[in-house]
Amino acid sequence: KLQFLYFIGENLREGEGMGCGASGIENVNNTQEKVAMPTKEVLTSRWLKHEFKEFDMPVYGCRFTSDMSSIVAGGRGGQIKVIRIADGTVTSHLDGHRGFVLSLAVSSDNLVCSTSDDRTVRLWRLNTTNDTLSNEVLTELSGHTHKVYSSDFTRDGRHLLTASMDKTVRLWDVETSQHVTTLTGHTKAIFSATFSPDNSLVVSGGDDTLVNMWDWRSGKLVKTFKGHQKTVWSSRLTDDNQTMVSGGMDGGVKVWDVGEGVIVKDLRANDAPVHCTLFTNNGRNIISCGRDNTIRIWSTEGERIDTLRGHHGTVYSIASSPSLLVSCGLDRSLKVWELPTEACPEAAPEDIEFDFDDEPVPTEEDPWSGVE
């Protein structure tokens, strides 16, 4: 069974059809070449705009800067890079972490937070006048006693949360760099924690298979959601706090009615673990990524909008703007996509059975390998 695809020109001679040559950026619109390939090899680049190959190790975290002009990314090796989207220029290299960079967050005023398996949380200031980050870390937040897997700012940038394998979520005052409170209740490692869009709540998930919802100002555990069978790697709320999405080791994307505390949809194309989930299009659409090497876009009603193919390994992280998506993963690449908002059946070929043998096998150094 054959289908046409847009082949991203990895076999093109250097500089031929590339957007920026040595900068590492490929403008896919200028390099499209139709090639007939077996379905299993299909690489759908209908929505792919740019590809950056600036890393020589897997990339675990990526975020847009607040003005959407650049991407901040980091991963194995501990280095963080800032890449300007327009021309692919790496405007800054941030060195300092002594272990893998496991998460990144960017505040509304361009403060960058990075967390690591070296147990530290670092804050860096983005200089918006020349798109560079100060080479010196502004501050290092200490307190976690194990790897720190997740970070998030409130929308106003005044508070920060971090989540760790030490079973805690810690809240910080950004201006003073002081610890505000610690949320305790998970019985095992925590891999994800995010603020609600209105900043009133925190949702967290981890190795105990639970998603907990907190009133973080009082430290009160508001509700516990039970339904996952394995480790939870991601959880997020809609703007009205009425719907939640989560994903993890058990595969599929779970959509929850927050008030009732029940799963109303289990969106599943296969059983591949899901690393990241988020809402877009004003909460009407859900995006997920994971170990089937794809990014999947769904409506909250369960309709599949599209499947973005292009990564050659686990997709660890995604971040969105109103019109763009950035992704990163095991294949060491960063990809920037246009965001489809309506179903495009002609661009979403029939799903194939995913063969895990096709994916580069995570080594013992992979921070998520063997985590259940």
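This is a predicted model: local features need pLDDT of at least 70, side-chain atom pairs count only at pLDDT 80 or more; totals for chains, interfaces and linings use all residues.
Two residues are in contact when heavy atoms of theirs lie within 4.5 Å. Leaving out residues up to four places away in sequence, S107 touches S66, F153 and G157. The residue sits in the loop between β9 (101-106) and β10 (111-116). Its relative accessibility is 2%, and because buried means under 20% relative accessible area, S107 counts as buried. The side chain of S107 also makes a polar contact with the side chain of D109, at 2.5 Å.

One of the residues touched by S107 is F153, and β14 (148-153) leads on to a sheet. This sheet is open and has four strands in the order β14-β15-β16-β17, with antiparallel pairing. β14 and β17 (178-184) stand at its edges; each has a single partner strand, so one side of each is left without a neighbour in the sheet. From one strand to the next the twist averages 20°. The pairing of β16 (residues 168-173) with β17 is antiparallel and runs over six bridges. Within it, D173 has Q178 of β17 as its bridge partner.

V59 stands opposite G75 in β6. The hairpin of β5 and β6 has five residues between the strands, and M68 takes a positive phi near 65° there. Strand β5 (residues 59-64) has six of its six residues buried, so it is largely enclosed by the rest of the structure.

The discussion now turns to the nonpolar interior. In soluble globular proteins, nonpolar side chains tend to be buried together. In this model the largest nonpolar core has 15 residues, and those with the most contacts inside it are I287, I295, L308, I318, L325 and W337. Five strands each supply at least two residues of this core: β26 (274-280), β27 (285-290), β28 (294-299), β29 (304-309) and β30 (315-320). Apart from this core lies another, of 14 residues, among them V59, F64, I71 and L334.

Beyond its neighbours within four places in sequence, I318 is in contact with residues including L278, I287, I295, L325 and V326. Its contacts also include C62 and R63, together with C276 and C289.

I297 has D306 of β29 as its bridge partner. Four residues lie between the two strands of this hairpin, in which G302 takes a positive phi near 105°. β29 is mostly covered, with five of its six residues buried.

Charged side chains form a further set of links. Side chains of opposite charge can pair when their charged atoms come close. The count for this model comes to 11 salt bridges. One of them joins E338 to K49, with the closest N and O atoms 4.0 Å apart. E338 lies in strand β32 (residues 334-338) and K49 in strand β4 (residues 48-52), so the pair ties together parts that are 289 residues apart in sequence. E338 counts as partly exposed, at 34% relative accessibility.

The side chains of K254 and D250 meet in a salt bridge, at 3.7 Å from N to O, and both residues are buried. K254 forms a salt bridge with D266 as well, the closest N and O atoms again being 3.7 Å apart. This pair links distant parts of the chain: K254 is in strand β24 (residues 253-257) and D266 is in strand β25 (residues 262-267), 12 residues apart. K254 has a relative accessible area of 4% and is buried, whereas D266, with 40%, is partly exposed. These salt bridges belong to a network that links D250, K254, D266, R268 and D271.

Definitions and conventions
Residues are numbered from 1 along each chain as its sequence is written. Side-chain values use heavy atoms; hydrogens and water are left out. A nonpolar core is a set of buried Ala, Val, Leu, Ile, Met, Phe, Trp, Tyr and Cys residues joined through side-chain atoms within 4.5 Å. Buried means under 20% relative accessible area, exposed over 50%, partly exposed in between (1.4 Å probe, protein chains only). Two strands pair if DSSP finds at least two bridges between them. Axes are lines fitted to C-alpha atoms, for helices over the stretch in contact, and angles run from 0 to 180 degrees between N-to-C directions. A polar contact is a pair of N or O atoms within 3.5 Å; within protein, one must be able to donate a hydrogen and the other to accept it, and residues adjacent in sequence count only if both atoms are side-chain atoms.
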